[in-house]
Amino acid sequence: MVSKTEEEQVNRLESQVENGGGGAWEYLCLVRKLKLRRSDKVLKFGLSILNDPKKRSALGPEEWTLYEEVAVAAMDCQCPDVAKEFTKVLQKKFPGSKRVGRLEAMLLEAKGSWAEAEKAYMSLLEDNPLDQIVHKRRAAMAKAQGNIPLAIESLNKYLEIFMADQDAWRELAEIYVSLQMYKQAAFCYEELILSQPTIPLFHLSYADVLYTLGGLENLQTAKKYYASTIDLTGGKNTRALFGICLCTAAIGQLTKGRNKEDKENSQLQSLSAVALEKDYKQRNQSKHSLLTATLKSLKLS
Amino acid sequence: MGVGFVVGVLGVLILSHAAYSTIQYRAMLKITEEEFSGPPINVVVELIAGLMLCMWAALTVPGKFLSILSHSDENRVVALPENLDFMIFNHRGKAIPMGIDAKLK
């Protein structure tokens, strides 16, 4: 998970390396630790280290991790030839390694030869039928080919075995959202919230899904989850603040006439509106008029 | 680190000196056959000074305090990691050449 301080640190390091200030290795380590996908930068900075024999030998055994990282980045940047070179180096160093085998199969994927990649993954699975990463790669490959139903099916099968894998739950949730299957997506987000209750972003996505589903009960639950997001972020999440405004407006429209919770609703709405206005005044003065217009239209409806 | 450590050692020394003075005081009381009513004032002052120094050292030497608030900058999650296990290469970047002429020398 990327916290605010870490995000700032990465961005600072990136601009520092970009301007020739050094620190490329620290940057690459941080990107790997935070699992960011900045393939172009990783390829550029990683190559500059690997092409310099002095810097390369200073890394010691970490050198091979860097080779792997840069190889994957090269695949992501559509440079399969470069990735192939790296994989060859690794193959020479670690003959018969599963990890390199996976890398080679990924290389086949990057080139678009799906059948061969599938064959490679199957042979890896024969050796170790419970290799999580290979299972995940096969689901991702189905997605890359545009075969979404197959991807969902294999992910579901995978999750029956490895129920604690959050990344897979998240991927499944995102696929369901992309297919507008919100009920199923909501289930996945519930799992995610259960396994990591302190991450506000899961609460936020869950609330988004519920709000999209609509209906009074769902809207009320969505409002609660937006509120918990605000609680966890200390009110620094603009999307959650907007979510509260929208939810209360929608609930007000649905329960017109029979206002039981009207007081609490309007209080919440005005509080989040005040917070939004303060936030916009502080950070983006030019968009402030837009915000006031939006809030006005919400209150009228 | 260095200063804090020295202060901590000094505090421990002062505390042990206070203990030593108390023992001596008790021995002296036994000789003069008086009742022990409380430690002498200089021992009390030593104890307080030693306590202060030790506390200060214990708070500074191990390092900085970490925030436990969920909304502080260190703990607030602003972005989820990219799902790299499910990374696919069949994306729109394929249509846009990156212009990287990378080569392994």
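# Notebook: chains A and B, predicted model

I started with residues 99-209 of chain A, which are 82% helix and 0% strand, with end C-alpha atoms 37 Å apart. I picked that stretch because UniProt, in an unreviewed entry, places "domain: EMC2 TPR-like" at residues 99-209 of chain A.

**Chain A overall**

I looked up the secondary structure of chain A next, and it comes to 17 helices and 1 strand. Taken along the principal axes, its C-alpha atoms fill a box of roughly 75 × 45 × 30 Å. Chain A has 301 residues, and 36% of them count as buried. I also checked the contacts in chain A between residues at least 6 apart in sequence: 42% of these join residues at least 24 apart.

**Domains of chain A**

Where do the domains of chain A fall? The assignment gives domain 1 at 1-87, domain 2 at 96-197 and domain 3 at 199-301. I then took the pair of domain 1 and domain 2 of chain A, whose centres are 25 Å from each other over C-alpha atoms. Domain 1 of chain A puts 8 residues into the contact, and domain 2 of chain A puts in 7. On the domain 1 side, α5 (62-76) and α6 (80-93) of chain A are the elements that give two or more residues. I sorted that side by class and got 5 nonpolar, 1 polar and 2 charged residues.

**Helix α11 of chain A**

I checked the length of α11 (residues 166-178) of chain A against expectation. Its 13 residues should span 18 Å at 1.5 Å a residue, and the end C-alpha atoms are 18 Å apart, so the two agree.

Which residues of α11(A) are buried? I noted A:Ala168, A:Trp169, A:Arg170, A:Glu171, A:Leu172, A:Ala173, A:Ile175 and A:Tyr176. I was curious about what lies over them, and the cover includes α9 (132-144), α10 (148-161) and α12 (182-195) of chain A. Just past α11(A), I found A:Gln180 with a positive phi of about 60°.

A:Glu116 sits in helix α8 (residues 114-127) of chain A. I counted it as partly exposed because it has 14 C-beta neighbours inside 10 Å, where buried would take 20 or more and exposed 12 or fewer. I also checked A:Glu116 against A:Lys92: they are 24 residues apart in sequence and 21 Å apart in space, C-alpha to C-alpha.

A:Lys35 is in the loop between α2 (24-34) and α3 (39-50) of chain A. With 15 other C-beta atoms within 10 Å, A:Lys35 is partly exposed.

**Chain B, helix α1 and what follows**

I moved to chain B and its helix α1 (residues 2-32). This helix has 31 residues and reaches 45 Å from first C-alpha to last, close to the 45 Å expected at 1.5 Å a residue. In α1(B), I found B:Gly11, B:Ile14 and B:Ala18 buried. The elements covering these buried residues include α2 (41-60) of chain B.

Just after α1(B) comes B:Glu33, with a positive phi of about 55°. B:Glu33 lies in the loop between α1 and α2 of chain B. Is B:Glu33 buried or exposed? I have it as exposed, because 6 other C-beta atoms lie within 10 Å.

I also looked up the annotation for chain B. UniProt lists residues 42-61 of chain B as "transmembrane region", again from an unreviewed entry. In the model this span is 95% helix and 0% strand, and its end C-alpha atoms lie 28 Å apart.

Strand β1 (residues 2-3) of chain A and strand β1 (residues 77-79) of chain B run antiparallel and are joined by 2 bridges. For A:Val2, I noted B:Ala79 as the bridge partner in β1(B).

Terms used: Residues are numbered from 1 along each chain as its sequence is written. Chains are lettered from A and ligands numbered from 1 in the order in which they are written. This is a predicted model: local features need pLDDT of at least 70, side-chain atom pairs count only at pLDDT 80 or more; totals for chains, interfaces and linings use all residues. Helices (H or I, at least four residues) and strands (E, at least two) are DSSP runs, numbered from the N terminus. The expected span of a helix is 1.5 Å times one less than its number of residues. Two residues are in contact if their C-beta atoms, placed from the backbone, lie within 7 Å. Domain bounds come from an automatic or database domain assignment. Ala, Val, Leu, Ile, Met, Phe, Trp, Tyr, Cys and Pro count as nonpolar, Asp, Glu, Lys and Arg as charged, and the others, Gly among them, as polar. Two strands pair if DSSP finds at least two bridges between them.
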